[in-house]
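Work through the following exercises with the model open beside you, and try each task before you read its solution.

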Amino acid sequence: MLGGAHLGGTRPGLTTIAMDDLIDVVTQNVSVDHLTEELSALSAIHRPPATPDFRAAAEHCLERLAAMGVEAELLSYPADGETQYWTLRMPEEWRLRVGRLEQLLPNGGRRTLCDARQAPLSIAERSAATPPGGITTELVDFDAHPDMPLAGKLVLTSGDMRRARERAVEGREAAGIVWYDETAQPGELQYLQWWWVGDERRCPGFVVSAEEGRRLRDALSRAPVPVWAEVDAEFRRGSVDVVTALLPGTTPEEVLLVAHLDHPCPGANDNASGCVVALEAMRLVAELVRGGHLARPQRGVRVLLTQEIIGTIPAVASGVADRVRTALCLDMVGWRREEEPGLSVVRSAEAAGPYANQLAARVARYLEQRGGPPISMQPFSSGSDHYVLCDATVGIPCPLLMRWPDPAWHTSRDVPETLSEDSLRAAAVFTACYALAAANADARAVGTPSTLPKPGPSTPGAADRAPRWQAIYVRQFRGPVMLRHLQPHMSAAERKLFARMVRYPAEEGQDRHRGIDELITVLNWTDGERTAAESLALAEAELQRRLDTEAVLGLLDLLARHGYLAKTPPGGRDT
């Protein structure tokens, strides 16, 4: 039985299990067969968020946990378009029965362009229904002829599909969108979602391959292209379901492994991979403790197989993580067979405390020293469920283990056969070692406050932000702010600022959420005592870059105007 030795070569108190021995026992017991079998099984299940289809994947995971001897439960939260958790208004449940698009040929025949039964990604998620029995209409090349009459017609575009919807459907009563990605590989379909947030004009969306889109565009250059479209779908009151299970420790405290289970079929790397790694880590911990190879850890190990953001926020707001001291998020943890090995750890928000980042870096270093793949440490960014947990008002340190970029992300090419077995093995070993080390860590280490330097006059960029940046903002909400719910209430100027942050900066290769990450990080340091300049300086130190200061300040003021922040101007009263 392992126990008693400290993490070799590092300061005492980090863990009561020797890391070398822990890696050995985990590596010897990890099952690649379990990982690959589960990956194939989950990838075969169509599991879009806030749908009845998701429940098949949830039930599968409940069965797998039961087979391990782990008690699990299904938690359900309202999906009604009304219930609110923190700043998240829950979506309605969406049920799709039929989704088809056909070209009507001159000879009376029909050519299938989209069929949700054969290709789930060919219908945009959360598409609105057509009239019963479908519609017969014309296709319009919106990119080539944006000024043509559009009422009642489907528009073909390879541009920004959301902007096309706003201009064509919202503004000119088009019946729906047919979209393709001009840069996609042959036969590839891209994942398209509509997330309705207000009283928008809802519509169906269809996705075709690049070669199909070019063929349709060529046909439209010569003659009208009649089409028939049918979407039988409804928005209704339902539920957002998540799966959770706990392996108890010797104390009430817990470590959490979180992975989002939702995604249209196939979604192998995104994110069946994270879920199967979480399940394998739970199996490893259960069997190693049950078999006497490891002592029962101090903290229990909990898994949360969730729906990205919309399942995690209600679960955490309802108390699922009340006893969690640290966590690890797993999202897209595989690399493709043709790619060089390697994983990344996206650092937890520093405002939640540094322990989890320190532990993740140490586990990564130990694995690399023992012949594992390179695992790089990356600055904090959002984009998965970790940023819910490590929000400063929640306070659970939570790094993200992932492989990014992924050439098959959000495409029909994200299939299990293309993922490396070595990547799943490496991710499972990292996850189990992280969970067990965190489960046995000294309480003083887990609770260590942030070690970022206190901002002062010498902090680069701080001095030139006075006096505007001397205002103090106080958060009036818990958890991450859901900016999309604010969009219907924004002025034209506010929407322009929001678009600037979502798409900033425009250089190729930059994360399009970079600007939002900057706002999130500044908000994490906004504690009602620091000035905006101090919060900004801490955010720049954490993200290791200069921020778009004017845009961040503009969004802070936007949030204050809408009641999300209280603002005390320099020498003034609260506003």
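**Exercise 1.** Determine whether E280 is buried or exposed, and find which residue forms a salt bridge with it.

Solution. With a relative accessible area of 4%, E280 is buried, where buried stands for under 20% relative accessible area, exposed for over 50% and partly exposed for the range in between, using a 1.4 Å probe and protein chains only. Its salt-bridge partner is R283, with the closest N and O atoms 2.6 Å apart; a salt bridge is a side-chain nitrogen of Lys or Arg within 4 Å of a carboxyl oxygen of Asp or Glu. R283 also counts as buried, at 9% relative accessibility. Both residues belong to helix 6 (residues 268-290), where they are 3 residues apart, about one turn of the helix; helices (H or I, at least four residues) and strands (E, at least two) are DSSP runs, numbered from the N terminus.

The model is predicted, so local features need pLDDT of at least 70 and side-chain atom pairs count only at pLDDT 80 or more, while totals for chains, interfaces and linings use all residues. Residues are numbered from 1 along each chain as its sequence is written, and side-chain values use heavy atoms, with hydrogens and water left out.

**Exercise 2.** Find which parts of the chain are tied together by the salt bridge between R100 and D115.

Solution. Begin with the contact itself, in which the closest N and O atoms of R100 and D115 are 2.6 Å apart. R100 lies in strand 4 (residues 93-104) and D115 in strand 5 (residues 110-115), so the pair ties together parts that are 15 residues apart in sequence.

**Exercise 3.** Locate the ring of W195 and find which charged end sits over it.

Solution. The charged end is that of R484, 5.1 Å from the centre of the W195 ring; the rule requires NZ of Lys or CZ of Arg within 6 Å of the ring centre and within 35 degrees of the ring normal. Likewise, R110 lies over the face of W228, at 5.3 Å from the ring centre.
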